[in-house]
Amino acid sequence: MNNVFKALADPTRRKVLELLRTRPMTAGDLAEHFDFSKPTMSAHFAVLREAGLVDMEKAGKMVIYRIKLSVLEDALLGFAGTFGLGTQRKAKILKKGTAT
Amino acid sequence: MTTSRPILNGLVWAGALIVSSIVLKFAQHQHAITQDAAERGVQVIIGLTLAIYANFMTKQPTAHPASERGGRMQAALRRSAWQFCAAGVIYAVASAFVPHPWDEFIAIFAVGSAVTMTVVAFVLIGGRDA
């Protein structure tokens with residue numbers, strides 16, 4: 001359960017889950033929606049996989065991700081999204097990064 | 001190992017269900033609780049079982065294609081999981097607190113609605129070709 005909270009605390013990972021709600025997507029399709037590097041995105045996917053929130057399937061060279069949220073996790077995702085958990089912390093980190 | 005775990009969990013849960021039913025029946029025979037309370041207790045357990053099973057419904061491995069149709073199937077499954085989870089909770093709460101015969105009516109209505117809406121969702125949303 002700790003892994004689930006950790007995964008849902010980050011706005012980027014929540015955005016990934018929101019995208020996967022619409023349909024299963026490849027890692028490339030998902031990465032197009034973000035300005036992060038591939039290793040950063042891979043790290044986010046790894047956290048989501050470790051928490052059991054997404055399912056990964058290899059189709060040739062492509063990696064397809066599917067959402068795998070239980071009802072409770074879905075409710076937690078909605079709750080975290082509504083109250084913007086982690087967004088202020090992320091903004092602070094980004095602000096710190098640009099200042100230095 | 002991964003396939004046997006859900007079976008094991010199911011068996012453990014079924015065992016717990018049987019044991020709690022026996023305990024309730026035993027308590028009734030000992031005049032610790034009334035027959036009504038024992039029956040309500042079993043109904044609450046059944047409702048909670050439905051809610052817990054529905055909670056994990058979307059965790060089962062599926063092979064929806066990475067397409068619009070796959071997305072709709074996934075959405076239909078998620079919606080039905082929510083409906084059955086809510087139905088299970090309503091079933092349990094109604095069985096615990098609502099007076100007879102309304103408890104049975106509400107419980108059957110909740111589960112019946114979830115079944116109907118699930119069938120409709122899969123036929124209208126999931127079954128349609130892209």
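Which residue in the turn of the hairpin formed by strand 2 and strand 3 of chain A has a positive phi? In this predicted model, local features need pLDDT of at least 70, side-chain atom pairs count only at pLDDT 80 or more, and totals for chains, interfaces and linings use all residues. Residues are numbered from 1 along each chain as its sequence is written, chains are lettered from A and ligands numbered from 1 in the order in which they are written, and side-chain values use heavy atoms, with hydrogens and water left out.

The residue is A:Gly60, with a phi of about 70 degrees. Two residues lie between the two strands of this hairpin. Helices (H or I, at least four residues) and strands (E, at least two) are DSSP runs, numbered from the N terminus. Strands 2 and 3 of chain A run antiparallel and are joined by six bridges. Two strands count as paired if DSSP finds at least two bridges between them. Strands of a sheet pair through backbone hydrogen bonds, either parallel or antiparallel.

A:Tyr65 of strand 3 is the bridge partner of A:Met25. A:Met56 also stands opposite A:Tyr65. Contact means heavy atoms within 4.5 Å.

Chain A meets chain B through 18 residues, which contact 19 residues of chain B. The two chains bury about 1,500 Å² between them, 51% of it on carbon and sulfur atoms. Buried area is the accessible area (1.4 Å probe) that two parts lose on being put together, summed over both. A:Pro24, A:Arg66 and A:Val71 supply 35% of the area that chain A buries against chain B, more than any other three residues.

Two salt bridges link chain A and chain B. A salt bridge is a side-chain nitrogen of Lys or Arg within 4 Å of a carboxyl oxygen of Asp or Glu. One joins the side chains of A:Glu73 and B:Lys59 (2.9 Å, N to O). On the chain A side, helix 2 (11-22), strand 3 and helix 5 (71-82) each supply at least two residues that touch chain B. Helix 5 gives the most, with five residues.

Over all chains, the whole structure holds six salt bridges. Among them is the pair A:Glu18 and A:Arg21 (3.3 Å, N to O). These two are separated by about one helical turn, because they are three residues apart in helix 2 of chain A.

Most residues other than glycine have a negative phi, and most peptide bonds are trans. B:His31 has a positive phi of about 60 degrees although it is not a glycine. B:His31 lies in the loop between helix 1 (4-29) and helix 2 (35-55) of chain B. A cis peptide bond, with omega of about -5 degrees, joins B:His100 and B:Pro101. B:Pro101 lies in the loop between helix 3 (68-97) and helix 4 (102-126) of chain B.
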